[in-house]
Amino acid sequence: MLINKMDSSKKTIMILGASILQLPAIEKAVEMGLNVVALDMNPSAVGFGIPGVVKEVVSTIDIPAAIEVAKKYKVDGVMTLATDMPMRTVAAVAKECGLIGISEDTAVKATDKSVMRETLKNAGVPVPEFYRVMNIDEFRMAVNRIEGPFMVKPADSSGSRGILKVEHGDDIDSAYAYTKQFARNGVVVVEECMVGPEVSVETLAVDGSVHVVQITDKMTTGAPHFVEMGHTQPTRLGCAEEIKKVAIAANKAIGIKNGPSHTEIIVTKEGPKIVELGARLGGDCITTHLVPLSTGVNMVEACIKIALGEKPNITPSLQCGSAIRYFRQHAGVVKKIEGISNVEQMPGVKQVSIVHGVGETVTEITDSGSRMGFVIVQGLCADDAANKCERALNLMKIIIQ
Ligand SMILES: Nc1ncnc2c1ncn2[C@@H]1O[C@H](COP(=O)(O)OP(=O)(O)O)[C@@H](O)[C@H]1O
Ligand SMILES: [Mg+2]
């Protein structure tokens, strides 16, 4: 049964996931003239609808099935874009088929926050005080050792799910119960709450050299759940060189030799410390939209090339600012969203997107999935982009009842 969409004169890339998150990679790979095999357990995933894409209805975490597909099409590269879940599958397929990619060991270090913390600490990369706990007794002991407020997080989740800031004196048993339900492997990490501005560092490693493409200033909802509400490039912090050094050291410690990473850092009084590192592109449009708008570097194309063993173009061609801001919202039913066409006409505005629109019930923002929409802007510099985003949000009228 093969493979009428495949052209044997072209290279073949396998992309894990065909949802909206992977769409930029699927579209770019098609545009580059590659054979594209996409895997997703959802038969109606949007990426399967792109003309030319070979559809394989396989879960992105089903490692044996993914290896079978990779062998069937003799793929030349394997990748996923901005999600953590398929990372271990990418590593296993790369190993089994002799392709470029992170090792399985690196995939674990980059997706399990407890193993990650341990690895970074052992390599001398700055991290907050942390404890790995498996049950309520260990949790109480860990809490007693930390002086100030602390963060409780599931070791193997993402998107701010299960993240909680807790103070001594709060009901810590309920905090543990809340976070534990998100911990698929049962491990919870308790750590000192770092104080300071937060950035992410977008890097590409090629043959063991880690290149910093951009540093992004991050805004979150703050306590208790720290959901990301905006990103601005380039960073306006004065310590970019120090941040770069810590991010590169973290990449090396985790073992990323080829491919992207998204390293989150808080700049504390003692200097930059790692929040976490993902062996993947940054989500929230950071790498698909903001990096091209601020630097001209196409990180998606670069990742595809790296996966295929080709040399990516990572030389910046622009020095601009870019920003994304998520809509302000509260719980209720969305009744009206006005002003979108005015916003779309504002200079610098590149995209306005509604994720949860009129008629839908929205909640307070407790994780990334609850955010109802966003605006993306290019500016002359970071401040200009950030200001234009705020003006755009102010022009919109969102009524939630
Ligand atoms: N130790 C910490 N100190 C201060 N803030 C933290 C700490 N850990 C996490 N946060 C905040 O919570 C957010 C989400 O935590 P993170 O570990 O990145 O989990 P996720 O995988 O859900 O993104 C971070 O971006 C940061 O704003
Ligand atoms: Mg994070």
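How many residues surround ligand 1, and which are the closest? In this predicted model, ligand 1 is surrounded by 18 residues. Met151, Ser158, Ser160, Met194 and Phe226 are the closest. By class, eight residues of the shell are nonpolar, four are polar and six are charged. Three strands each supply at least two residues of this shell: E6 (150-154), E12 (259-268) and E13 (271-278). Two domains also contribute. Domain 2 (129-192) and domain 3 (195-319) each provide at least three residues of the shell.

Phe226 sits in the loop between strands E10 and E11. Pro224 is found in the loop between E10 (209-220) and E11 (228-233). A cis peptide bond joins Ala223 to Pro224, with omega of about 0°. Another cis peptide bond runs from Gln233 to Pro234, where omega is near -10°. Pro234 lies in the loop between E11 and helix H8 (240-254).

Helix packing was examined next. Two packed helices are described by the angle between their axes and the distance between the axes. Helix H1 (residues 23-31) packs with helix H10 (residues 299-307) at an angle of about 70°. Their axes are 9 Å apart. H1 is therefore roughly perpendicular to H10, as angles of 65 to 115 degrees count as such. The crossing of H1 past H10 is right-handed. From H1, the contact involves Pro24, Ala25, Lys28 and Ala29. These meet Val300, Glu301 and Ile304 in H10. The residues of this contact comprise five nonpolar, no polar and two charged.

Methods: Residues numbered from 1 in each chain as written. Chains lettered and ligands numbered in written order. Predicted model: local features only at pLDDT ≥ 70, side-chain atom pairs only at ≥ 80, totals over all residues. Axes fitted to C-alpha atoms, helices over the stretch in contact; angles between N-to-C directions. Helix = DSSP H or I, 4+ residues; strand = E, 2+ residues; numbered from the N terminus. Parallel < 35°, antiparallel > 145°, perpendicular 65-115°, else oblique. Left-handed = near helix turned anticlockwise from the far one by under 90°. Contact = placed C-beta atoms within 7 Å. Nonpolar A, V, L, I, M, F, W, Y, C, P; charged D, E, K, R; others polar. Near = placed C-beta within 6 Å. Domains from an automatic or database assignment.
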